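Welcome, and thanks for taking a look at this one with us. Please have the sequence and the model open side by side as you read.

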Amino acid sequence: MKLMIEEPQIIYEANDFLVVNKPAHWLVHQVTAKKGGKIITDWLLERYPEIGKVGDKPVERPGIVHRLDQETSGVLIVARNQPTFEYLKKMFANGFVRKNYLALVNGRLIGKGEINKPIGLIAGTTRRSILGKKMKMIKPAVTEYEVIKVFQYSVDEEVYYFTLLTVTPKTGRTHQIRVHLASIGHSVCGDKLYGPKKSVLEIPRQFLHAASVEFTLKEGERVKIDADLPDDLKEVLKRLLEAKI
């Protein structure tokens, strides 16, 4: 399947904050270990230079309240001034922001469930895990999921199952959704770090999309902002829907 790199889109613009539909393969901000590539904060600074003075480390991550993995697409909130940054940061820390993701996972799941397992960093790596003796920074983590649809897919007369989920992380740990789903035997399709190195679907990136974010504005109004599923993931679902068993 051909690699598709799209451009960011501003899907909500207010005086105090922005919501970006982040494409896959873009870094949210520059990471020392990953020089080069497309970076959301660079793109934003060209259009909204005021965010250059916003954040806990504005030189490194201007305006950034939360992050998405490089291969994950979807909604990303960016503060345009420091009071709003502090407000949104507090909202995230207290669990008052609801984020919903779409994930396609390997295997067949039924109904809905909750994964409540602490996540830590494996010493000497960038990998997270729920188990292991050589772990540090272990923190509680909770993820809820609900099945949308189960797909059957046939390759060389062998049938594979995939399940489309809506996933809601109740905490905000790095790689949380990916680690939690892999821990129950249903890794995110295309996730080469926590799942199989190859997929019969030939997905060029992990099928994980931040579909919506819901939170309360400083004025008291509750808003929900949605980000459309990108074309590369739509193509995967189209192939599964058209598959003949």
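What follows is a short briefing, grouped by topic.

This is a predicted model. The protein chain holds 4 helices and 12 strands, and 47% of its 245 residues count as buried.

**Overall shape**

- The C-alpha trace of the protein chain spans about 55 × 40 × 40 Å along its principal axes.
- A compact globule with 245 residues would have a radius of gyration near 18 Å, and the 18 Å of the protein chain agrees with that.
- Taking contacts between residues at least 6 apart in sequence, 63% join residues that are at least 24 apart.

**Helix H1 and its buried side**

- Helix H1 runs over residues 40–47, and its buried residues are Ile-40, Thr-41, Trp-43 and Leu-44.
- These residues sit on the same side of H1, because they cover an arc of only 160° around the axis.
- As a reminder, an α-helix has 3.6 residues a turn, so residues three or four places apart point the same way.
- What do the buried residues of H1 pack against? Their partners are three strands: E1 (9–13), E2 (17–22) and E3 (73–79).

**The second largest pocket**

- The volume of the second largest pocket is about 170 Å³.
- Its lining is made up of 13 residues, and those nearest the centre are Glu-6, Gln-9, Asn-21, Asp-228 and Pro-230.
- Sorted by class, the lining of this pocket has 6 charged, 4 polar and 3 nonpolar residues.
- Strand E2 and helix H4 (231–242) each give at least two residues to the lining.

**Pro-196 in its loop**

- You will find Pro-196 in the loop that lies between helix H3 (176–183) and strand E11 (208–216).
- Is Pro-196 buried or partly exposed? Its relative accessibility is 44%, so Pro-196 counts as partly exposed, given that this class lies between 20% and 50%.
- Beyond its neighbours within four places in sequence, Pro-196 is in contact with Asn-106, Ser-187 and Asp-191.
- For a sense of distance, Pro-196 and Ala-93 are 33 Å apart in space, C-alpha to C-alpha, and 103 residues apart in sequence.

Note on methods
Residues are numbered from 1 along each chain as its sequence is written. This is a predicted model: local features need pLDDT of at least 70, side-chain atom pairs count only at pLDDT 80 or more; totals for chains, interfaces and linings use all residues. Side-chain values use heavy atoms; hydrogens and water are left out. Buried means under 20% relative accessible area, exposed over 50%, partly exposed in between (1.4 Å probe, protein chains only). The arc is that of the directions from the helix axis to the C-beta atoms. Contact means heavy atoms within 4.5 Å. On a 1 Å grid over the protein atoms alone, a cavity is a set of points where a 1.4 Å probe fits but cannot get out, and a pocket is an open set with protein on both sides within 12 Å along at least five of seven lines; lining residues have an atom within 4 Å of a point. Grid points are joined across faces, edges and corners, and a volume is the space filled by probe spheres set on the points. Ala, Val, Leu, Ile, Met, Phe, Trp, Tyr, Cys and Pro count as nonpolar, Asp, Glu, Lys and Arg as charged, and the others, Gly among them, as polar. The radius of gyration is taken over C-alpha atoms; the globule rule is 2.2 Å times the number of residues to the power 0.38.
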